[in-house]
Amino acid sequence: MNERIKEYGGAAPIEPSLIEGGHDFASLTDLVSGLVELPTPRWWWIIFSICAVLLVIGGLMSVYVISTGIGVWGMNSPVGWAFDITNFVFWVGIGHAGTLISAILFLFRQKWRSSLNRFAEAMTLFAVACAGLFVTIHLGRAWLFWYLIPAPNSISIYPNYRSALSWDFAAVATYATVSTMFWFYGLIPDLATLRDRAEGGIRRRIYGLLALGWRGSGRHWHNYESTYLMLAGLATALVVSVHTIVSFDFATSVIPGWHSTIFPPYFVTGAIFSGLSMVITLIVPLRVLCGLKDLVGPRHLEVLCKLILATGMLLSYGYMIELFNAWYGGSPMERFVFYNRMTGPYAWCYWTMMVCNVFIPHLFWFRWFRTTPWAMFLVAICVNVGMWFERFVIVVTSLHRDYLPSSWGMFYPTWVDILLLIGGFGLFSTLFMLFIRLLPMVALSEVKAILPAANPHHSPAPNPRHETEEAEASRETSAPASAGVFDGPPHCALARFDGPGELLEAVKRLVAAGYRLLDTYSPFPIHGMEKALMLKRSKVPMFTLAGGIFGFTFAHSLQWYQSAVAYRLDAGGKPINSPEAFVPITFETMVLYAAFGAVAGMLLLNGLPRLYHPVFRGRSFTRATGDGFFLAVEARDPKFDQSATTALLAEAGGKEIELLHA
Amino acid sequence: MPLVFTKTADIVLGRIVVGCVLSAGLIVSGLYYYGHPLYTRVGYAPIQPVRFSHEQHAGRLGMSCLYCHTGVEQSSTAKIPPTQTCMNCHQAIKATSVQLETVRASWTSGAAIPWERVHRTPDYVYFNHAVHVRRGIGCVSCHGKVNEMPVVVHDKPLSMGWCLDCHRHPEEYLRPPDEATNFHWQPPEARTQIEEGRILQAKSRIKATESCTGCHR
């Protein structure tokens, strides 16, 4: 223990601090917002140009493939799926680590995730966008993708809900939607920070609009946190379900090498494994380039490496069980597939996969590899390569030896295949570069909340940074509270406090004095504030439940009506009404609508978006999303009396007290 | 710091949201209406090289469809009659009519009259004309009341959903096969169309296919 503390700078006696460099709220805000606000650095332009060139290549290739047809790819009977599905599964898999970090680790209260979750979620979104690109082009006639949408149409047919491909559409579409919502939801407070720091009018308005009028109200945080928990729970269900359903595309077939019950867990662990290695690939250079070493320290990287080691071993177990079952199952076809993988014409792909995914991650047993960024970067690159080859091996080697030797064939990629693969990386990296330039790449409000000073029971050291400012502010307070334009009745009295602890004490004091219409404004949720403000349990879970029940009922009855009543299509003799086959889509839709319910609940209960609010008139209120802690007493409160309330606020430690008009 | 948004911003935002929802609704319903074959195909009435009136020939003169469109009971495709069919009569009747100039020119030169095709099934649809006519699907069911059309109009959408309507419930459209070309056929007094259709369906052992491969072979 002692040794570890020494190594991490001995920041805390019990547990090494997650945020190094002695940051406070203001310096953290400056650091993260600076990435967006400061002039664009040269390295950004260089990397962005390279990515953009790759994106243009990918765009041209997409146009070529869509306009000419997928015959320009190298695949042909018997290899009907090749790079397209390999890339699709690869990119969907990459996304899973983002959701793991943002959702599962949130539920497990892993505080270190706060430094990583925002950009990992963005990685998820962009990876899913790439997956969507490949799977859409792969349709051949991409403009007919609407056949997958269960809308009434002139051809009177509906999707076949007994096919894994329509499950897949539901799963990936739900995943993309919920991940986007979750990501944007977390961004709201940080967008408000950028709004309040922005100097240009247009910039302020754009961030302001996107922030939906967020003002960090204690009552809002209460519902916000509840929704965040709901979304984390729902996204957890997606981490497990989405790649399971992607694996059904293979596992429900009768192709040896695909037709296996190990596929769902094996795909999910593989997905997380590949995604975590992509996180390392991205964060190791970015923490240096963006100056985020304080936020993403050695401890974060080491935990990521350990996770890669763990998921890598789970994946290896999947590989071994596959081999064991092929041998033990006794099917000559199954045995041949695996023998062929190891020794056949694609053996070099198989062994690349084995070396990169099974052997190389074991380097992380050595501490040196877990603590040396460039070494872990190389291992992560190997894992990325290995995971791409894993999908290639699964897709292509299972197909290229058909049951009859007369139908055997080979797949060789054409230049279009290869350029489109490169273009996929172009799309991903271009979106990612734009993201780090336009949006805060670290979840500010969450990182602030894990600083020791965020604990209201922590007594902060006096902060020299704001001494002069505060002295100035208190001088201003001596003048009568008169900020704002007198164009309405008085709305509230606003006071600023030094820290979360002072704010909490002040709230308790005012509540004890009989005030009820109080609200606090802070850059992050303060532990214990909902109790001090006497807020009831949030109603957001009820909205989530209602959404979930609606989604379940809607999806199941839709599938039943379309399959069993409106369009009774006989597909391979499967039952027309087969509730078992409806489970995946019902589940995904339930999660989707529950997430809609959770977000709608937060917005409705908090009355957002509300772009204008009287508290925005506060002189230093822009600090409420940075490092300021405010308390507002509404004029509607029966106990409200201008002079008495102001005096009480001052007595409780309030500064810059002012009366705001509506 | 000046305010980012004033009080009116929320009102404007509300209006924008309502506007977006309404526009999205308009776009979706517009696509449904203007993209549906009911809109894109029904009403198509191209100008033909000869102003031939079905109303005159099939309606007032009461000529059978089969006089000109021979082979619809035997062939998988319906046919446009050759110029000779026109000239069977028009050598004698209105033999000097200016309106028939194109017909006579075609007859003497031997080049076909370039009629504009009105009804067309896509290449990926297998449609056998004879099977439908001989099982008792009337001309009128798919082509409309041609006997009342001075210019032939695309009367039905010919969408896949429209095909399936009949394939799922053929009894609503069946008639005795020898009444297929009769524009004025009605089910017998004692029975409704459905009852009559069921009898005919049983008699001809009609199992209209709903399988994909029935039409997409």
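Helices (H or I, at least four residues) and strands (E, at least two) are here DSSP runs, numbered from the N terminus. The expected span of a helix is 1.5 Å times one less than its number of residues.

## Model and numbering

This is a predicted model, in which local features need pLDDT of at least 70 and side-chain atom pairs count only at pLDDT 80 or more, while totals for chains, interfaces and linings use all residues. Residues are numbered from 1 along each chain as its sequence is written, and chains are lettered from A and ligands numbered from 1 in the order in which they are written.

## Helix H3 of chain A

Helix H3 of chain A covers residues 42-68. Its 27 residues reach 39 Å from the first C-alpha to the last, close to the 39 Å expected at 1.5 Å a residue. The buried residues of H3(A) are A:Cys51, A:Leu54, A:Leu55, A:Gly58, A:Met61, A:Ser62 and A:Val65. A residue is buried if 20 or more other C-beta atoms lie within 10 Å of its own, exposed if 12 or fewer, and partly exposed in between, with C-beta atoms placed from the backbone. An α-helix has 3.6 residues a turn, so residues three or four places apart point the same way.

The buried residues of H3(A) pack against helix H5 (117-138) and helix H15 (415-438) of chain A. Just after H3(A), A:Gly69 takes a positive phi of about 115°. Further on, in the loop between H3 and helix H4 (83-107) of chain A, lies A:Pro78. The peptide bond from A:Ser77 to A:Pro78 is cis, with omega near 5°.

## Nonpolar cores

A nonpolar core is a set of buried Ala, Val, Leu, Ile, Met, Phe, Trp, Tyr and Cys residues joined through C-beta atoms within 7 Å. The largest one has 152 residues, and those with the most contacts inside it are A:Met123, A:Ala131 and A:Val279. Apart from it lies another core, of 30 residues, which includes A:Cys492, A:Ala495, A:Leu504 and A:Ala506.

Two residues are in contact if their C-beta atoms, placed from the backbone, lie within 7 Å. Leaving aside residues up to four places away in sequence, A:Met123 touches A:Ile94, A:Gly98, A:Met278, A:Val279, A:Leu282 and A:Phe432.

## The four-stranded sheet of chain A

An open sheet of four strands in chain A has the order S2-S3-S1-S4, with antiparallel pairing; two strands pair if DSSP finds at least two bridges between them. Strand S2 (518-521) and strand S4 (655-661) of chain A stand at the edges with a single partner strand each, so one side of each is left without a neighbour in the sheet. Neighbouring strands are turned by 20° against each other on average, direction ignored. Axes are lines fitted to C-alpha atoms, for helices over the stretch in contact, and angles run from 0 to 180 degrees between N-to-C directions.

Strand S1 (residues 490-497) and strand S3 (residues 629-634) of chain A pair in the antiparallel sense over six bridges. Across this pairing, A:Ala493 stands opposite A:Val633, and the bridge partner of A:Cys492 is A:Glu634. S2(A) is joined to S3(A) by four bridges, also antiparallel, and A:Leu518 stands opposite A:Val633. Five of the six residues of S3(A) are buried, so this strand is largely enclosed by the rest of the structure. Helix H18 (residues 500-512) of chain A lies across S1, S2 and S3 of chain A, running at about 15° to S3(A).

## Backbone exceptions

A cis peptide bond also joins A:Leu608 to A:Pro609, with omega near -5°. A:Pro609 is found in the loop between helix H21 (579-606) and S3 of chain A.

Phi of A:Glu656 is near 50°, a positive value in a residue other than glycine. A:Glu656 is found in strand S4 of chain A and counts as buried because it has 23 C-beta neighbours inside 10 Å. Phi of B:Lys94 is near 45°, likewise positive in a residue other than glycine. B:Lys94 is in the loop between helix H5 (83-90) and helix H6 (101-109) of chain B, and with 11 C-beta neighbours inside 10 Å it counts as exposed.
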